Amino acid sequence: QVQLVESGGGLVQAGGSLRLSCAASGRTFSIYSMGWFRQAPGKGREFVATIMWSDGSTNYADSVKGRFTISRDNAKNTVYLQMNSLKPEDTAVYYCNAKLRRNTAFDYWGRGTQVTVSS
């Protein structure tokens, strides 16, 4: 199993920046990918970005391309989400996600961190 702990959320004005971090512990040697999802009030959880642990390849939702950057530090078992040019519609609880090589169909989740963007 893997345990995920997010940090870095907060309140920021539109146009500002925040960096989220997610530290993994447990079976970190088996990580296949890590990523970020978000859930706004009254909406379902949506994909934001993901990064492959082996080669660092990334994928982004269209809504965040060019504004958000996902990166990883394999030595620290940590994934980051640098969020620039934030918009009020980015307001959500951001959840860290991980998949292990032994079963990529199963998702591990953190508890989430609140990001609020004021207009």
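**A buried arginine**

Select arginine 67. This residue counts as buried, at 11% relative accessibility. Keep in mind that the model is predicted. Aspartate 90 forms a salt bridge with arginine 67, and their closest N and O atoms are 2.7 Å apart. Arginine 67 sits in the loop between strand S6 (58-60) and S7, and aspartate 90 in the loop between S8 and S9, so the pair ties together parts that are 23 residues apart in sequence.

**Around aspartate 90**

Stay on aspartate 90. Is it buried or exposed? Aspartate 90 is buried, because its relative accessibility is 0%, and the cut-off for buried is under 20%. Show the backbone of lysine 87 next. The side chain of aspartate 90 reaches the backbone nitrogen of lysine 87 at 2.8 Å. Then display the contacts of aspartate 90. Leaving out residues up to four places away in sequence, aspartate 90 touches Arg38, Arg67, Phe68, Ser85, Val115 and Val117.

**Follow the charges**

Select arginine 38 and glutamate 46. These two form a salt bridge, with the closest N and O atoms 2.6 Å apart. Arginine 38 is buried, with a relative accessible area of 5%. Glutamate 46 is partly exposed, at 36% relative accessibility. Now show both pairs at once. Arg38, Glu46, Arg67 and Asp90 are linked in a network of salt bridges.

Move to lysine 65 and aspartate 62. Here the closest N and O atoms of the salt bridge are 3.2 Å apart. Lysine 65 is partly exposed, with a relative accessible area of 48%. Aspartate 62 is exposed, with 64%. How many salt bridges are there by this rule? The count comes to five.

**Into the core**

Select Leu4, Met34, Trp36, Val79, Leu81, Met83 and Tyr94. The largest nonpolar core has 32 residues, and these seven names are the members that touch the most other members. Color the strands to see where the core comes from. Among the strands that each supply at least two residues of this core are S1 (2-7), S3 (18-26), S4 (31-39) and S5 (45-52). Which strand gives the largest share? That is S9, with five residues.

Zoom in on leucine 4. Not counting residues up to four places away in sequence, leucine 4 touches Cys22, Ala23, Ala24, Met34 and Cys96, among others. Its contacts also include Asn97, Ala98, Tyr108, Trp109, Gly110 and Arg111.

**Step back**

Switch to a cartoon of the whole chain. The secondary structure comes to 11 strands and zero helices. From the N terminus on, the elements run β-β-β-β-β-β-β-β-β-β-β. Along its principal axes the C-alpha trace spans about 45 × 25 × 25 Å. The radius of gyration is 14 Å, which agrees with the value near 14 Å that a compact globule of 119 residues would have.

Now color by burial. Of the 119 residues, 44% count as buried. Draw the contacts between residues at least 6 apart in sequence. Of these contacts, 52% join residues at least 24 apart. Finish with the surface. The chain exposes about 6200 Å², and carbon and sulfur atoms supply 47% of it.

Key:
Residues are numbered from 1 along each chain as its sequence is written. This is a predicted model: local features need pLDDT of at least 70, side-chain atom pairs count only at pLDDT 80 or more; totals for chains, interfaces and linings use all residues. Side-chain values use heavy atoms; hydrogens and water are left out. A nonpolar core is a set of buried Ala, Val, Leu, Ile, Met, Phe, Trp, Tyr and Cys residues joined through side-chain atoms within 4.5 Å. Buried means under 20% relative accessible area, exposed over 50%, partly exposed in between (1.4 Å probe, protein chains only). Helices (H or I, at least four residues) and strands (E, at least two) are DSSP runs, numbered from the N terminus. Contact means heavy atoms within 4.5 Å. A salt bridge is a side-chain nitrogen of Lys or Arg within 4 Å of a carboxyl oxygen of Asp or Glu. The radius of gyration is taken over C-alpha atoms; the globule rule is 2.2 Å times the number of residues to the power 0.38. Accessible areas come from the Shrake-Rupley method with a 1.4 Å probe; for residues, only the protein chains shown count as cover. A polar contact is a pair of N or O atoms within 3.5 Å; within protein, one must be able to donate a hydrogen and the other to accept it, and residues adjacent in sequence count only if both atoms are side-chain atoms.
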